[in-house]
Amino acid sequence: MRKYFINTALAISLSALLAACYSDDSSLGDMSKVGAIEIAEMPAQSVVSYAGNFLSITPDIEASFPEDDLEYAWYLYQERKDEENGFRTNCISHDRNLNYEVNLGSGTYTVALEVKSRSNGFVKLAKMTLNVKTEFADAFYVLKETAEGNTELDLVTSEGASGDLITKMYGKPVSGKPVNLSMVYGQQCIDPETKEMIATNVINVFTESDYGAYRTEDMKKVFDKTTITFAGEENTSNYLNMVNGYFYAFLIADNGVGVKHYGEDMGLSTGKFGLPTVEGNYSKHMQMMKQGMMGMAVWDNGNHGVYSIDYNCMYASVISADPAGNESCLASGINKMGSTETVWFLSKDDVTGTRYLYLINSNNGKLLEKKTLDASLHISKAESVAACGSSAAYIYVVDGGKLYGYGWENNTEVEISLPGMNGNVAFVTNQWLCDLDGGNVYDFDNLIVGTQEGNNYSLFFYDNLVGGVPTDAPYITAKGTGIIKSIRRATPSEINIWSVIMSGYGTMPIFPTSE
């Protein structure tokens with residue numbers, strides 16, 4: 001009985017409350033007269049920013065109100081950054097149909113349409129997702145050596161190719177022959193325009209004598225050799241690679257390895273590195289182990305073998321090394337098949353010419369096997385070598401103008417057909433980014449092969465791989481001048497520590513660092 005009285009009292013109270021809410025608008029006295037507004041689903045759209053492109057939407061709206069009683073408001077915001085402050089702070093239009101020129105930074109935005117009845121205040125809200133990128137933010141960067149022996153970048157997108165980016169924007173190429181190209185997500189730096197600390201995606205160019213870092217939003221230079229560390233003009237180090245790790249981005253110099261936080265989770269900074277915390281003579285070849293939680297595997301030039309550096313970059317320990325001290329590293333990579341993630345390093349004995357393959361269990365950082373490769377294998381003669389990320393337990397190798405897949409599990413090789421490609425293969429890379437945590441990530445898995453005729457190259461981009469083999473003709477082809485050295489794909493993906501951790505649950509390792 002008591003429960004009945006409580007429920008009855010609650011119902012009476014709610015009725016009184018509703019009556020009070022609507023007491024100032026007599027048209028709402030009868031709830032059947034409130035009316036209805038329905039907005040059909042608006043599918044997600046993708047737009048290239050700063051290119052004169054418009055977001056045009058003609059919403060499908062059904063309303064029981066006359067048109068002159070309706071008012072419209074379109075809002076644009078980012079869920080993580082703006083919604084907590086109220087998404088209605090950025091209204092971009094009051095027209096029924098939206099025609100909005102997109103001049104926004106790369107990222108994922110929410111567009112909300114609010115339709116309201118003037119007569120009684122009835123409101124309906126609908127949302128859609130807008131993916132924004134610039135021409136630089138979602139593209140392939142081609143590192144090449146110029147005819148004069150310097151370093152340049154070409155840009156390739158699905159819309160076409162553009163050559164000699166650095167010269168076009170800064171008047172001259174980066175001095176010195178190319179050494180490496182790395183894509184670092186969430187690299188901390190000072191915004192060249194606002195002078196504020198930010199975390200942004202950066203393409204890093206390393207040469208034998210110089211270094212330059214450019215944010216992939218607009219190719220603005222954020223670092224050079226004099227600004228990447230606190231040493232300034234007195235900096236005498238040469239740099240080889242920068243890699244996203246667990247908490248930190250790892251910077252490899254000729255005198256050791258240093259670290260700096262990336263992303264925004266641990267707070268922003270100027271992005272400058274201090275002195276190396278692990279001293280030594282390391283190569284550019286570094287691979288993440290167990291999403292970086294087991295540290296980073298790196299080739300030690302001084303000790304001629306594979307070493308691990310802990311995720312805090314405090315110490316290095318040997319995984320396996322050549323006791324004779326004759327080996328040098330040719331290539332490295334990472335492969336994930338199911339729950340098995342394997343890091344590998346390909347080395348060569350500089351005295352005998354014999355090649356070796358170090359296979360490392362990424363989950364525990366332990367050596368699985370050091371294979372002595374038979375001289376008859378293509379991988380023992382390969383001119384270009386690259387990891388296959390996850391579509392097969394392969395290492396891609398180029399020998400005699402053809403592409404092969406070397407399977408370390410059974411020590412066999414198969415020739416890989418390349419539909420729609422002409423010429424002799426001279427270069428190969430597999431660029432990928434795995435499905436992370438369902439956040440703002442642009443996934444891809446691209447096999448890229450190239451031909452080289454003197455100072456001219458042609459590139460063929462494949463995006464449908466089954467068993468490591470492309471099933472369709474290339475979806476992009478490009479030509480350019482210079483000698484191809486490396487290719488990295490950039491996207492507007494927002495990667496942080498949680499993205500890296502969650503990559504262990506995806507189908508692929510997070511991304512490659514160096515071939």
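Which residues lie nearest the centre of the second largest pocket? They are Val179, Lys284, Leu330, Glu383 and Lys485, from a lining of 30 residues. Welcome to a short tour of this predicted model, in which local features need pLDDT of at least 70, side-chain atom pairs count only at pLDDT 80 or more, and totals for chains, interfaces and linings use all residues. Residues are numbered from 1 along each chain as its sequence is written, and side-chain values use heavy atoms, with hydrogens and water left out.

**The chain as a whole**
- The protein chain has four helices and 39 strands, which are DSSP runs numbered from the N terminus (helices H or I, at least four residues; strands E, at least two).
- Along the principal axes, its C-alpha atoms fill a box of roughly 95 × 55 × 50 Å.
- Of its 515 residues, 52% count as buried, meaning under 20% relative accessible area with a 1.4 Å probe and protein chains only.
- The exposed surface comes to about 22700 Å², with carbon and sulfur atoms supplying 49% of it; the areas come from the Shrake-Rupley method with a 1.4 Å probe.
- Among contacts (heavy atoms within 4.5 Å) between residues at least 6 apart in sequence, 57% join residues at least 24 apart.

**The second largest pocket**
- A pocket here is an open set of points on a 1 Å grid over the protein atoms alone, with protein on both sides within 12 Å along at least five of seven lines; lining residues have an atom within 4 Å of a point.
- This pocket has a volume of about 690 Å³, counted as the space filled by probe spheres set on points joined across faces, edges and corners.
- Strand β39 brings the largest share of the lining, five residues.
- Other strands that each supply at least two residues include β17 (239-244), β21 (282-288), β25 (327-337) and β29 (384-387).
- By class, the lining has 15 nonpolar residues (Ala, Val, Leu, Ile, Met, Phe, Trp, Tyr, Cys and Pro), eight charged (Asp, Glu, Lys and Arg) and seven polar (the others, Gly among them).

**The cavities**
- Six cavities of 30 Å³ or more are present, a cavity being a set of points where a 1.4 Å probe fits but cannot get out.
- The largest cavity holds about 70 Å³ of space, and its lining includes Met183, Tyr185, Trp432, Arg488 and Phe511.
- Two or more lining residues come from each of β13 (178-190), β33 (427-433) and β39 (483-490), and β33 gives the most, with three.
- Seven nonpolar, one polar and two charged residues make up this lining.

Methods:
Buried < 20%, exposed > 50% of the residue type's maximum accessible area, 1.4 Å probe, protein only.
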